[in-house]
Amino acid sequence: MAEAGSFADRVKQQADIVRVVGEYVRLKKSGLNFTGLCPFHSEKTPSFSVSQTKQFYYCFGCGAGGDVFKFVMEMDKLPFPEAVRAVAEKCGIAIPRAKERTPEERKENQQRTSIVEMHREAAAFFVLQLNTTPEGRAAKGYLLDRGLDAEAMARFGIGFAPSGGEALLRTIRQKYPENALETSGLFSRDQSGRFYDRFRRRVMFPIANDSGKIVAFGGRALGDDLPKYLNSPETPIYTKSNILYHLDRAKEALRQRDFAVLVEGYMDAISVARAGITNVVASCGTSLTEPQVKLLNRFTHRIIVNYDPDTAGQTATERSLTILLEQGAEVRVLALPGGKDPDSFIRSEGAAAYTKLLNEAPPYVDYLISRARKMDMSTGEGKLRAVNFLMPYVQRIPDRILRSEWATRIAQQLRIEEPVLRESIRKAASERRGEVKARPELVGRVGKPAERRLVLMLIEGEEFRSRLAQDIRAEELHRGLESERVLEVLVEACASGTRPDAATLAMALEERDRRLLFEIAFESGAPPTWEEAESCLTVLRRRRAEEELSVVQKEIESLAAAAGAGAGSELRRLLERKQELRRKLDPPAPQSPV
Ligand SMILES: [Zn+2]
């Protein structure tokens, strides 16, 4: 939020978070940090901490955290610009009279404008490709097969990115400065530094922000190319967690009908909209985020979640429920029969059948109870598991009367004596206030020691963080780790040469990762050294080689078992790879924090 060089940035540099927070919370010095009773949840022992060196706050109990502006925004319920002014006043920093524009801000604005324009041109280019080239017409055939007609393709701006690798680049490059090409997310660079099209041989779905400007693309592979879906990376005009697909076209209907249908993918959103339910939005690949819910809440508080019925979809549904409930949304859940997603259901059963089920979608608690009832309810432990599955959702209902009503429903449905259930809800609630015990369950010790140290080193390793970031990035060592996202944003920040600021980076993260980042940032220990960094990297490299070795070993075994003709050369390749990995792993493990 506080862009480099802006007034907000200057205020942030000069303000002292301890002094500002101290006006609201009685803080006590504790080691390097300050602690106090959290103003955002009720507690008797302090779990709220403020870091003076890193200028952020974090509550180990409820997870509230951020920089000085976030704190004032939350405490005084102010929008960002007002919070900046309030902090400036508290700290005696002169407030500029008019809206001040520094040269950097102007430059950034110009760049954003170019990138938006570039996306508009790219979208038109992709549409042209779909309609006029042989390759594009083949893609069109594929879309027709999936039930999209020409009218729908035009309506949703669907296009095609050709396979050549330079088609878009050639039409665009003359008109824009190199730095705009670089940051647009539309192009990648090869090893010799030459640009090429990021999207190749893909059906292209333009993704617009809520005011209708195209800010990104989702590309679906034709055939079996991987990945199946490729999205634009985050750019100056695109933050994935802030965008809902189709919101720009859904606004009117959302206001009029006062409910939203929330689906997973573009094809789902398009199908539902074509079925006449234009108040549909898609979270698009990510699990739902808090900013997305806040965005949606500007139009309606009533939401019907209709994710895929597979396991991933169920998990995504449950995760979305938590966020939606916390934001006070009124939620219903539609789980389509026959394991169908909205797109395939509408194609096989028709729009009327879909609309009917949508109207009958049960409130989320009924959905959750029916999920809980699928657990083994014949034993006491089974019932306890079911109650524990439901409890976190019940506790997130902000309204007490509603909460109590649901407790009655749950008791009836699960055949539990109501007083017993209420007692355990009360107990869970009071333990939640104590919080300390619940912490490891909530966040766990996510990430193994080497990962955690690397995160801390990227934050604190003043002299070597950019080198460390480069090493991690070059080998993609963070992939697949529990702290993958946290390392990713840190590496990105370090690589761009900025000093990573935990509070700012946290805003781009989802709840679990946000907590992880804050908690690691509060960890202390010996000051990091490059030697330690190297040994942590070695730990990750070894872990990866070990994983690959076990995969290779399995492949060798299954190949040897099959022993078909032609397996010889593949077997030889695998055996050689196995030798290679063994050699890598052979040197004794270094002294490391794992
Ligand atoms: Zn708290």
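Domain 2 and domain 3 bury about 1800 Å² between them, and carbon and sulfur atoms give 59% of that area. Buried area here is the accessible area (1.4 Å probe) that two parts lose on being put together, summed over both. On the side of domain 2, Arg146, Phe156 and Asp210 lose the most area to domain 3, together 38% of what that side buries.

This is a predicted model, in which local features need pLDDT of at least 70, side-chain atom pairs count only at pLDDT 80 or more, and totals for chains, interfaces and linings use all residues. Residues are numbered from 1 along each chain as its sequence is written, and side-chain values use heavy atoms, without hydrogens and water.

Where do the two domains sit in the chain? An automatic or database domain assignment places domain 2 at 114-238 and domain 3 at 242-361, among other domains. Their C-alpha centres lie 25 Å apart. Domain 2 brings 22 residues to the contact and domain 3 brings 19, with contact meaning heavy atoms within 4.5 Å.

The rule finds two salt bridges across it; each needs a side-chain nitrogen of Lys or Arg within 4 Å of a carboxyl oxygen of Asp or Glu. Arg146 returns here: its side chain forms a salt bridge with that of Asp343, at 2.8 Å, N to O.

Which elements supply the domain 2 side? α7 (150-155), β9 (202-208), β10 (214-221) and β11 (229-231) each give at least two residues. Helices (H or I, at least four residues) and strands (E, at least two) are DSSP runs, numbered from the N terminus. β9 gives the most, with four residues.
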